[in-house]
Amino acid sequence: MSLNDSWMRRDLAVLWHPCTQMKDHEQLPLIPIRRGEGVWLEDFDGKRYLDAVSSWWVNVFGHANPRINQRIKDQLDQLEHVMLAGFSHQPVVELSERLVALTPPGLERVFYTDNGSTGIEVALKMSFHYWRNSGRLRKQRFVTLTNSYHGETVAAMSVGDVALFTDTYKPLLLDTLKVPSPDCYLRPEGMSWEDHSRNMFAHMEQTLAEHHEEVAAVIVEPLIQGAGGMRMYHPIYLKLLREACDRYEVHLIHDEIAVGFGRTGTMFACEQAGISPDFLCLSKALTGGYLPMAAVLTTDRLYQAFYDDYSTLRAFLHSHTYTGNPLACAAALATLDIFAEDNVIEANKALAARMASATAHLAEHPHVAEVRQTGMALAIEMVQDKASKTAYPWQERRGLQVYQHALERGALLRPLGSVVYFLPPYTITPEQIDFLAEVASEGIDIATRAAVSVALQPGAPSNFHDPG
Ligand SMILES: Cc1ncc(COP(=O)(O)O)c(C=O)c1O
């Protein structure tokens with residue numbers, strides 16, 4: 001038995017994996033990873049995989065990055081953890097100062113949690129609580145976009161709209177207001193991204209006009225709806241949304257958990273709209289993909305609404321045990337150093353251009369409806385019928401065939417339904433991008449050539465799922 005097989009058997013005897021139908025592993029091998037280096041992951045049998053999705057969108061500077069490793073090692077010898085209530089430490093102060101300086105103006109306070117979903121919970125709770133502390137008791141609801149994803153905890157699922165993840169739990173979810181997404185894949189033929197996103201804002205305007213007195217906040221994934229299939233839209237929508245939120249006295253929550261730290265071509269997506277949200281949620285690449293941590297930045301105005309004598313009971317009494325963990329802060333500080341020292345945002349422009357040129361031919365593929373890109377995120381949408389953009393039935397799991405082909409060829413491409421995408425570490429080389437494009441092209445050929453027969457189940461979710 002190979003070492004891979006041996007670890008796989010031991011794993012499958014005791015583990016329950018995330019976002020997985022475990023029965024799939026009766027056919028689909030699980031891949032035990034022994035080590036990582038740069039863009040590569042290596043399994044126990046010595047096979048290497050190019051991590052084209054940055055291990056669920058977190059790893060921006062490669063695995064086992066020597067600069068991040070060293071910073072964590074140094075921190076480990078000083079302080080591994082201390083509770084953050086009543087206590088503080090150097091890396092959390094330094095990181096907070098740097099985040100406040102780096103993010104758009106007005107975001108002056110940082111609250112930490114230990115993953116993206118709980119960061120979202122904090123932003124939602126703080127918004128609700130702010131209005132309560134301000135005597136606006138009716139403001140209790142949240143507005144969200146269709147096809148959005150904000151995480152897996154119950155409130156985060158409530159503001160999400162990817163049916164496969166949320167439908168089962170509907171009875172548990174908050175009652176939110178859903179507004180059609182500005183997703184430009186769905187724009188009328190010949191219309192620009194900007195015009196489509198601007199036009200789609202009319203729905204948001206109408207919802208806010210009707211409901212603003214009961215709305216606490218609008219939450220969006222700026223520019224890219226990630227788990228919803230890497231659907232993209234124009235920054236004009238964010239600009240219009242900021243203006244409307246001000247007009248209607250509604251908070252604006254930017255969930256930049258997936259897109260923050262350079263993914264869209266600017267350090268933060270909101271920069272492209274020239275706006276500051278009331279809450280900015282960051283996670284994933286914050287620690288370079290090393291350790292779980294989220295940061296929720298907000299304004300001094302928000303903060304002051306909680307600042308009072310204890311007896312008024314206005315404080316935000318929310319805590320997670322590992323809030324502000326020093327090792328995670330050290331990883332984040334090292335990550336920010338690399339951004340500053342290596343001029344990463346500028347250097348990424350050439351890589352993004354290479355991603356575009358290496359995949360341009362796929363736009364002509366008979367089963368590709370669109371190749372779209374925002375900065376260092378590129379997505380290829382496979383469809384059954386190109387002219388009408390008719391999607392493949394989700395049960396056919398076409399993306400899974402791309403996934404399997406890529407693994408054989410030494411790449412980790414994990415499509416979202418029928419959307420194949422690249423979200424690589426920024427340390428990828430132009431040649432490695434070409435390799436990914438080649439593997440994706442082959443995989444798409446294989447996946448779209450085959451006639452797949454499946455028993456279609458009525459009433460099944462029509463939305464994306466992960467993987468294929
Ligand atoms: C936009 C967005 N928000 C929130 C989350 C949830 O983050 P986590 O998985 O760390 O809870 C994700 C995760 O993919 C995400 O993409």
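Two residues count as in contact if their C-beta atoms, placed from the backbone, lie within 7 Å. With that in hand, here are some close-ups of this predicted model.

**View 1. Helix H11 and its cover.** Helix H11 takes in residues 326-342. Among its buried residues are Pro326, Leu327, Cys329, Leu333, Thr335 and Leu336. Helix H3 (66-78) and helix H4 (90-102) are included in what covers the buried residues of H11.

**View 2. The length of H11 and what follows.** Just after the helix comes Asn343, with a positive phi of about 50 degrees.

**View 3. Strand S10, seen on both faces.** In a regular strand, side chains alternate between the two faces of the sheet. In S10 (residues 251-255), five of five residues are buried. His251, Ile253 and Asp255 sit on one side, with Leu252 and His254 on the other, and both faces are covered.

**View 4. The neighbours of S10.** Strand S7 (residues 215-220) runs parallel to S10 and is joined to it by four bridges; here Ile219 has Ile253 as its bridge partner. Strand S11 (residues 279-282) is also parallel to S10, with three bridges between them, and Asp255 has Cys281 as its partner in S11.

**View 5. The shell around the ligand.** Of the 15 residues around the ligand, Asn115, Gly116, Ser117, Gly151 and Ala258 come nearest. Helix H5 (residues 116-133) supplies the largest share of this shell, three residues.

Methods. Residues numbered from 1 in each chain as written. Predicted model: local features only at pLDDT ≥ 70, side-chain atom pairs only at ≥ 80, totals over all residues. Near = placed C-beta within 6 Å. Helix = DSSP H or I, 4+ residues; strand = E, 2+ residues; numbered from the N terminus. Expected span 1.5 Å × (residues − 1). Buried ≥ 20, exposed ≤ 12 C-beta atoms within 10 Å, placed from the backbone. Pairing = 2+ DSSP bridges.
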